[in-house]
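User: Could you take me through the aromatic rings in this one? I'm new to it, so please spell out the terms as you go.

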Amino acid sequence: MDVENPSAIREKGSRTRTRKVRTGCITCKKRHVKCDEAKPSCSNCLKSRGQCEGYAIEPRKHPSIHRAIHARPDQNSQPDTDWPLTSMILDPVHHDFPDPLSLFYFREFISLLQDPWMTGLSNSQGCLWRETLPQVCRTNHTLRNAAMAVGAMGIFRKETNLREIDISTQSPIADPRYLQALAYYGKALQLQNQRASFQSSAFLSLILLIFESLRLRKTAALDHTNHGMALLLSFLGDRTTSSDEIANFSPNPRPILGQLADIFMQLATQTRIVLKGRIGQHCPLPDLAKGLRERGISMEDFIVLLSEVSTSSHCIIPQRFGSLDEFEEHWISMTRRQAEMGPIMLQAMTRSTILECEHQQQISDLFASTLKDPEVQKFCDDARRDMDLMEQAFLPLFSDIMMSTTMDSPTYLRALYLRLRFLSVQVFSNPPQYACIQSMVALTPRLREFLSLAELAIRITRKTTVCRVYSLCIDGGLAWYLLQIALHCRDPLLRDEAILALDGYAGQDGLWTTRSLHALALRNRIVEQQNANGDTAQVQWQRLWRREYYLEDGGERVVFRFLEKEPELDQWILVEEVGEFQDKGDCAKWTRQPNPQSGRLLVQEGFPAAQKDQTGRTPQSECVRFMS
């Protein structure tokens with residue numbers, strides 16, 4: 001070629017720019033359409049056809065991904081703010097899988113992680129589901145088998161269209177997909193026993209938790225939650241852990257450890273209500289509890305340890321946020337500071353001796369004084385001021401996104417989720433407001449906005465999700481907040497709307513069993529009707545303070561305590577009912593239990609008695625489960 005011919009140079013440049021077109025996915029090449037080259041699967045194919053055949057295999061001219069994962073960064077280089085894995089391109093090639101079917105299951109696993117229910121909640125956690133976890137599974141033989149087990153179970157759920165009641169009431173399933181999923185599951189456990197490491201163990205707990213959630217075995221999911229939490233404690237809480245061991249976890253371990261810590265802490269919160277067995281016969285998170293006792297630290301110490309993993313720090317709130325990323329950075333800092341409410345509230349409860357009280361009127365009086373505790377009030381006042389400043393800075397950005405982006409845009413859905421997360425903390429994390437019926441009535445507009453946004457997010461996600469039979473979210477909680485509206489909102493119409501939203505909610509939120517929450521909301525509706533007779537609105541509201549509930553057997557049994565009017569005695573007495581699900585039925589059958597022998601709060605009967613410290617008080621770490 002004549003180097004002095006400018007047209008030749010332009011022609012060469014044109015060919016160089018068009019090479020990207022030939023790197024499109026196999027499906028788009030066959031259809032002769034433009035590919036967006038999203039990895040691991042083309043987004044256009046997923047939207048139009050529901051699946052993508054992936055990308056053609058090309059000879060590798062770069063070091064293997066496996067070596068890149070374990071390579072340590074240059075000590076002279078500037079440390080990255082994100083784990084280097086998140087910048088890699090995942091391209092599952094055939095020779096890493098024994099047969100095309102296993103590759104198909106792996107791609108189904110990736111598709112599940114990229115579902116809007118999993119990734120739409122936040123950018124940081126979305127990065128874990130979209131990029132980090134698939135890449136780690138791609139390069140680790142143990143995790144790859146666990147991922148294929150999840151993919152096979154997901155295909156089984158799609159093809160059979162089974163609902164929760166079907167799997168929980170059926171005899172052992174002989175479906176080939178189901179059996180293949182179990183085979184991959186067993187293979188992953190076998191490999192893990194042979195080559196155990198903290199990295200693979202931590203991720204394996206999370207993947208198998210997803211597997212059991214799809215399998216609808218919540219008791220097994222609780223076991224994996226317990227194991228994952230105990231692993232984090234042993235890794236982060238052991239003073240003998242060397243920097244080399246931490247570096248071997250990943251080149252830059254802090255971001256990924258922070259993401260894992262956030263997920264398992266949200267799951268640990270759910271275990272305060274969801275029990276593996278029956279009340280009084282089950283210790284929540286036994287492996288974690290044992291590890292805390294061995295190290296002589298409390299649950300609060302462990303929470304502080306987990307919070308220190310994150311790189312988020314408190315910054316001055318701007319007058320207006322310029323992006324969702326900027327808002328989320330401040331929001332993470334805000335929520336971590338909000339976690340300090342737990343120890344403060346528990347200290348107030350301990351000072352009030354409410355946990356040792358049995359008389360109903362005394363419990364009501366002590367609960368009111370606890371809600372008005374000066375330390376609790378000061379913390380909530382400070383938090384509310386910061387929340388108000390954040391809302392003022394976020395609403396203009398939120399309005400711009402709602403007006404300028406389409407409803408099927410990931411940005412639109414992410415903005416919705418972030419607004420829901422903000423409202424959930426603003427509305428439900430302010431204990432003093434529960435003392436007065438007027439303050440609860442004043443929450444109605446906020447609850448109406450939350451319910452409206454939640455229903456909109458559910459409808460949009462259903463349209464964009466790959467599978468409409470089920471949707472899974474490990475670190476969400478939308479169903480839980482719908483239940484809180486059904487329980488605490490003072491507008492009966494909004495309570496009914498929340499019950500209907502729960503009934504049509506197809507998502508699985510971590511350990512929450514949605515049909516159990518829905519059954520509880522329905523039973524509470526009758527309790528509300530019986531409670532709204534006579535007396536003032538404030539007295540009626542104070543009677544509702546006595547409501548307590550647990551989900552036993554992983555959610556198959558619902559225990560509900562409340563006050564009921566006894567006509568013969570002309571007084572309100574404490575009663576307990578258990579709701580159990582019948583074969584092939586969505587509705588729970590409620591059975592009245594014998595009168596409680598003790599009028600103490602249910603938490604005292606549900607867990608072993610805590611030992612007293614030198615001051616005669618119950619250690620906070622023993623009663624932390626009371627706060628939900």
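Analyst: Let's start with Phe 560, which is buried, with a relative accessible area of 0%. Buried here means under 20% relative accessible area, with exposed over 50% and partly exposed in between (1.4 Å probe, protein chains only). Phe 562 is buried too, at 1%. This is a predicted model, where local features need pLDDT of at least 70 and side-chain atom pairs count only at pLDDT 80 or more, while totals for chains, interfaces and linings use all residues. Residues are numbered from 1 along each chain as its sequence is written, and side-chain values use heavy atoms, leaving out hydrogens and water.

Now for the pairs. Rings of Phe, Tyr and Trp (its six-membered ring) pair if their centres lie within 6.5 Å; planes under 30 degrees apart are stacked, over 60 edge-to-face, and the rest tilted. That rule gives 19 aromatic pairs. One of them is Trp 480 with Trp 512, stacked at 4.4 Å centre to centre with 5° between the planes. This pair links distant parts of the chain, 32 residues apart: Trp 480 is in helix α24 (residues 478–488), and Trp 512 is in the loop between β2 (507–509) and α26 (514–531). Helices (H or I, at least four residues) and strands (E, at least two) are DSSP runs, numbered from the N terminus. Both Trp 480 and Trp 512 are buried. Back at Phe 560 and Phe 562, the ring centres are 5.1 Å apart and the planes sit at 45°, so that pair is tilted.

There's also one aromatic cluster formed by Phe 321, Phe 327, Trp 331, Phe 394, Phe 398 and Phe 422.
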